[in-house]
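Let's take a look at the charged pairs in this one. Here is a short tour of its salt bridges.

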Amino acid sequence: MAALFIKTPYLPSHSITKFPNTHLAPTFRVSVSVSVPPGRSKRRLRVSSGLIEPDGGKLVELLVDEPLKDLKKGEALSLPRISLSSIDLQWVHVLSEGWASPLRGFMRESEFLQTLHFNTLRLENGSLVNMSVPIVLAIDDSQKHRIGESTKVALFDSNNNPVAILKDIEIYKHPKEERIARTWGTTASGLPYVEEAIVNAGNWLIGGDLEVLEPIKYHDGLDRFRLSPTELREEFTRRNADAVFAFQLRNPVHNGHALLMTDTRRRLLDMGYKNPILLLHPLGGYTKADDVPLSWRMKQHEKVLEDGVLDPETTVVSIFPSPMHYAGPTEVQWHAKARINAGANFYIVGRDPAGMGHPTEKRDLYDADHGKKVLSMAPGLERLNILPFKVAAYDKTQGKMAFFDPSRPQDFVFISGTKMRTLAKNKENPPDGFMCPGGWEVLVEYYESLVPTINGKVPEAVPA
């Protein structure tokens, strides 16, 4: 899908840019009351004819202009080097396309502390934007020594190719325990992202403004799905969307998910929208080892559209390039904020978003309802309409996924992600109506593709 990259000019060296007040054409708005629990302020859903503005007023894209690429590549070769891990590269991708707008690079200490302690960033004009997870780059003592007095460093990928220049740098201590405790609410061992990206990371963080030399590509056959916020906004405009509702997921789509998405579109039509468009937005960065890898999830999502479970005319499937933290109510704010920058003005949130089981105890790490409650109150997300959905389960009386009816609980079966994976591994079929046949075949095929170990057990997937 062809798209035009719109780059913002480079401004003074601050990771967070000061934007002037923007003036918008008048939009048609209808206030719609929604019920809220007692004691909570009432947030009103808004009907608007235009796409929501990005945080800070405009997307901050950090790709070097074409005429300057050769010059900047030559400069990168002359600078002190930092080698990027795969997760570091994913964060460069996120920053380069404006998902974290108005952030202009890896966080300096002021942005890092604001994120850890307030889940927001204060812009120079005094306004706040939500930012709940640190986007930082760690270096070790030897790297810090090699950088010396330089004000710039070059970032290289694992193949020793220059990726970006980080300029006007600031190096500060990496408070790992504080970062972990405030992001996850625990320092228990076994947190996947922590083990992968923090425990063995350097004791210093380096922040600064990014100049990214080329668009980040993975050459895995899925780059066509990796639409930037600019490309998504162009696609929504091409489809004449008057509302965009985003659904974040990291698992295969079953018919319960589809019910939630189609019911959301019906609700938006009832509110007065004419053409609400679904952004089906699977997470494409780092995931823990027992999650189904991205390539297989994308195959499954395509089957869902081919089988007509979701309407291709009103659905845009794209990959969200962020790594996954599994940090529950803290991380779900990042997921929501990033979708504002992609043009979504509605965000669907369900049970235990971005959650996981406790790594050392037999319980969930987070309260299942806290994610949606936090989103409805989070500072900097006031412009985003949060849509908590009803719980869907398999209704034995109807032979399909349906919204749970508490008056007849005996008629419903809850099929967890763990149960779904177990059935697929054992080549057992779920109840008819749980998932479209084509999608289930993909899931079974994935587990068949794993080579059994000597004792006959199937190994878990490697991280994406």
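A salt bridge here is a side-chain nitrogen of Lys or Arg within 4 Å of a carboxyl oxygen of Asp or Glu. Keep in mind that the model is predicted. By that rule, the count comes to 28 salt bridges.

| Pair | N to O distance |
|---|---|
| Glu66 and Lys69 | 3.0 Å |
| Lys72 and Glu211 | 3.2 Å |
| Arg351 and Asp364 | 3.2 Å |

Start with Arg351 and Asp364, which form a salt bridge. Both residues sit in the loop between β13 (346-349) and α11 (370-377), so the pair ties together parts that are 13 residues apart in sequence. Arg351 is exposed, at a relative accessible area of 56%, while Asp364 is partly exposed at 34%.

Next up is Glu66, whose partner is Lys69. Glu66 is exposed, with 54% relative accessible area, but Lys69 is buried at 11%. The cut-off for buried is under 20%, so Lys69 falls on that side.

Then there's Lys72, which meets Glu211 in a salt bridge. This pair links distant parts of the chain: Lys72 belongs to helix α1 (residues 69-77) and Glu211 to strand β9 (residues 204-212), 139 residues apart. Lys72 and Glu211 are both buried.

Which residues are linked with Lys72 in a network of salt bridges? Glu75, Lys152, Lys167 and Glu211 join Lys72 there.

Note on methods: Residues numbered from 1 in each chain as written. Predicted model: local features only at pLDDT ≥ 70, side-chain atom pairs only at ≥ 80, totals over all residues. Heavy atoms only, no water. Buried < 20%, exposed > 50% of the residue type's maximum accessible area, 1.4 Å probe, protein only. Helix = DSSP H or I, 4+ residues; strand = E, 2+ residues; numbered from the N terminus.
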